[in-house]
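Let's take a walk through a protein model together. Have the sequence and the 3D view open, and look up each residue as it comes along.

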Amino acid sequence: MELKCFQLVQTDMTAQRRVYEGYKTGSGVHLEYYISENEWDDTVSEYAECRDTVRKIDGDEKLFQKLCELFDNYKIEKWADFHGYDSHVLDGNGMCFKAVT
């Protein structure tokens with residue numbers, strides 16, 4: 001499986017989102033983990049995303065192939081169109097995972 005990009009977003013009771021994302025580059029892969037939240041921007045009178053990058057890596061083709069192998073081992077292609085939740089869990093946490101192959 002050849003991965004083009006992926007994004008995992010974790011949310012909780014705060015306004016912050018923890019985002020893990022990656023995408024294929026010409027020489028390998030770009031991976032990034034950041035904390036995101038929307039803050040009011042008076043200059044444009046709307047909310048704007050503010051990111052606090054925790055870690056980012058530009059990896060080579062070998063790292064990209066290891067990432068593709070990991071996603072292949074978990075058979076993410078079979079996750080297509082899955083939407084689920086458990087209404088009995090009241091922990092205030094959520095997540096969303098998207099991948100393009």
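Predicted model: local features only at pLDDT ≥ 70, side-chain atom pairs only at ≥ 80, totals over all residues.

## The core

Start on the inside. The largest nonpolar core is made of 9 residues: Leu3, Phe6, Val29, Leu31, Phe64, Leu67, Cys68, Phe71 and Ile76. Two elements each give two or more residues to this core, namely strand S3 (28–41) and helix H1 (61–73). H1 supplies the largest share, with 4 residues.

Now pick out one member of that core, Val29. Which residues does Val29 touch, if you skip those up to four places away in sequence? The list reads Tyr23, Ile57, Asp58, Gly59, Asp60, Leu63, Phe64 and Leu67. Phe64 and Leu67 are also on the list of core residues.

The average pLDDT of the chain is 92, and 100% of the residues score at least 70.

Which elements have the lowest and the highest mean pLDDT? Strand S5 (residues 94–100) has the lowest, at 91, while strand S2 (residues 17–24) has the highest, at 97.

## The overall layout

Zoom out for a moment. The chain has 1 helix and 5 strands, and going from the N terminus the elements follow the order β-β-β-β-α-β. Along its principal axes, the C-alpha trace spans about 45 × 40 × 20 Å. The radius of gyration of the chain is 16 Å, whereas a compact globule of 101 residues would have one near 13 Å.

How much of the chain is buried? Of its 101 residues, 19% are. The accessible surface comes to about 7,700 Å², and carbon and sulfur atoms account for 52% of that. As for contacts between residues at least 6 apart in sequence, 46% of them join residues at least 24 apart.

How many disulfides does a search of the whole structure find? The count is 0. Cys68, for one, is in no disulfide, and the nearest cysteine sulfur, that of Cys5, lies 11 Å away. As a reminder, a disulfide is a covalent bond between the sulfur atoms of two cysteines.

Is Cys68 buried or exposed? Cys68 counts as buried because its relative accessible area is 3%, and buried means under 20%. Cys50 has a relative accessibility of 30%, so Cys50 counts as partly exposed.

Next, find Tyr20, which sits in strand S2. Tyr23 has its place in strand S2 too. Tyr20 is partly exposed, since its relative accessible area is 29%. Tyr23 comes out as partly exposed because its relative accessibility is 41%.

Leaving out residues up to four places away in sequence, Tyr20 touches Phe6, Gln7, Leu8, Gln10, Glu32 and Tyr33. Tyr23 and Thr101 are 78 residues apart along the chain, yet their C-alpha atoms are separated by 10 Å.

Leu70 is a residue of helix H1. It is partly exposed, as its relative accessible area is 41%. How far is the C-alpha atom of Leu70 from that of Val44? They are separated by 42 Å, and the two residues are 26 apart along the chain.

Now move on to the loop between H1 and S5, where you'll find Lys75. Asp81 is in the loop between H1 and S5 as well. Lys75 has a positive phi of about 50° although it isn't a glycine. Asp81 isn't a glycine either, and its phi is positive at about 65°.

Asp81 has a relative accessible area of 72%, so Asp81 counts as exposed, the cut-off being over 50%.

Methods:
Residues numbered from 1 in each chain as written. Heavy atoms only, no water. Core = buried A, V, L, I, M, F, W, Y, C linked by side-chain atoms within 4.5 Å. Buried < 20%, exposed > 50% of the residue type's maximum accessible area, 1.4 Å probe, protein only. Contact = heavy atoms within 4.5 Å. pLDDT = per-residue confidence, 0-100. Disulfide = S-S within 2.5 Å. Rg over C-alpha atoms; globule rule 2.2 N^0.38 Å. Areas by Shrake-Rupley, 256 points an atom, 1.4 Å probe, with all protein chains shown as cover.
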